[in-house]
Amino acid sequence: METLTAARARRIALAAQGFADPRPTGRLDVRALDRVLRHVGLLQIDSVNVLSRAHYLPLYSRLGPYPTTLLDRAAGRAPRRLFEYWAHVASFVPVQTQPALRFRMARAAEEAWGNMRRMGEEKPGFVDWVLAEVADKGPLTAREIEHDAPPGPRDNWGWNWSAVKVALEWLFYTGQVTSAGRNGAFERVYDLPERVLPPAITAAPTPSDEEAHRELVRIAARAYGVATQRCLRDYFRLTARETATAVTQLVDAGELTPVRIDGWNRQAYLHTEARIPRRVRARALVGPFDSVVFERDRAENLFGFHYRIEIYVPAPKRVFGYYVLPFLLGDRFVARVDLKADRAARVLRVQSAFAEEHAPPETAEELAAELASMAEWLGLAGIDVVDRGDLARPLQKAVLA
């Protein structure tokens with residue numbers, strides 16, 4: 001069995017995620033978007049907007065400054081390239097993956113969380129009425145349906161969701177409705193899948209559960225390059241048993257090769273198409289919800305980088321800050337910065353900056369250049385570095401240089 005050094009495994013992983021490709025120059029079009037999607041397989045959605053919405057950041061990390069309208073059009077207009085569903089968690093996923101996720105829709109009665117499942121079980125007539133409203137009048141938001149809701153379940157169903165919203169989310173989980181877009185960042189607009197997805201996708205046959213898991217593990221393996229079963233399972237939040245079966249089948253088919261990685265205590269698998277670059281010259285700020293850091297133990301094993309999101313940690317107990325982005329330089333994460341886009345003042349605020357032990361001498365200068373690029377992309381006019389963290393003062397000087 002081949003043994004990979006940790007450095008080689010890092011380069012494989014970064015190449016698989018698109019960080020070994022040079023950033024494109026000139027006007028970016030949908031081909032640049034498709035290139036990133038081929039690498040990552042999905043984009044996680046999150047509502048926190050202290051810097052930028054989570055799904056915009058992975059594209060910036062790999063492409064540099066790009067027009068976010070590229071992603072907006074792909075997820076909200078025909079010909080639609082992306083659809084919204086529970087993949088890793090709430091995610092934008094290429095429409096071609098939709099058939100492989102139908103197994104999850106079919107398992108809603110087992111897997112959907114409490115309030116949605118309870119709505120489906122206890123109020124089927126109400127759910128049918130909501131579906132009919134979407135079918136007759138869609139696309140619609142929950143608020144637009146609530147005006148016409150018949151007497152029935154109007155109690156709070158959790159997260160301040162109305163009964164109509166819970167019914168819509170049950171229908172969304174089961175695949176009977178899908179997202180036709182969003183009003184702003186939060187409010188989903190619901191419609192029937194056949195009016196949103198390309199006809200070729202809705203007409204595609206539904207794979208067996210086994211075929212679906214094999215396809216999702218294949219996507220995860222391609223996105224990671226080299227990974228353990230645990231990593232592959234986490235990418236689409238699959239079960240351990242079904243992931244293990246899919247991995248065995250992909251090994252037998254020659255798509256995955258078992259390998260060892262120095263310092264790892266778990267079996268790893270190398271994708272047959274994985275690139276092994278001799279060097280990675282990346283420079284990128286990476287969002288907290290980027291797929292390259294989905295699996296925190298993987299990030300620690302590959303990069304020696306212990307990373308946790310502290311958004312939900314009380315402020316006095318935070319170690320590094322609220323919205324902390326790892327800074328990738330070459331093939332290592334060399335620093336982390338807590339960033340905030342102060343849109344009123346048009347300033348990118350660096351609320352803390354910390355270097356890793358292995359950070360090279362040029363870290364502050366390279367990070368300052370990347371912050372300047374991000375500030376311009378966000379439409380901000382300046383950068384303000386707070387004096388917190390061992391990298392803060394060198395970064396202040398580099399920003400002013």
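## Cavities and a pocket in a predicted model

The second largest cavity has a volume of about 40 Å³. This is a predicted model, in which local features need pLDDT of at least 70, side-chain atom pairs count only at pLDDT 80 or more, and totals for chains, interfaces and linings use all residues. Residues are numbered from 1 along each chain as its sequence is written, and side-chain values use heavy atoms, without hydrogens and water.

On a 1 Å grid over the protein atoms alone, a cavity is a set of points where a 1.4 Å probe fits but cannot get out; a pocket is an open set with protein on both sides within 12 Å along at least five of seven lines; lining residues have an atom within 4 Å of a point. Points are joined across faces, edges and corners, and a volume is the space filled by probe spheres set on them.

| Space | Volume | Lining by class |
|---|---|---|
| Largest cavity | about 60 Å³ | seven nonpolar, three polar, one charged |
| Second largest cavity | about 40 Å³ | seven nonpolar, one polar, two charged |
| Second largest pocket | about 410 Å³ | eight nonpolar, no polar, four charged |

Here Ala, Val, Leu, Ile, Met, Phe, Trp, Tyr, Cys and Pro count as nonpolar, Asp, Glu, Lys and Arg as charged, and the others, Gly among them, as polar.

Residues lining the second largest cavity include Pro288, Arg308, Glu310 and Tyr323. Around the largest cavity, the lining includes Phe83, Glu84 and Tyr85. The second largest pocket has 12 lining residues, with Trp86, Ala90, Trp161, Glu169 and Arg188 nearest its centre.

Of the 401 residues of the protein, 54% are buried (under 20% relative accessible area, 1.4 Å probe, protein chains only).

Notes: Buried < 20%, exposed > 50% of the residue type's maximum accessible area, 1.4 Å probe, protein only.
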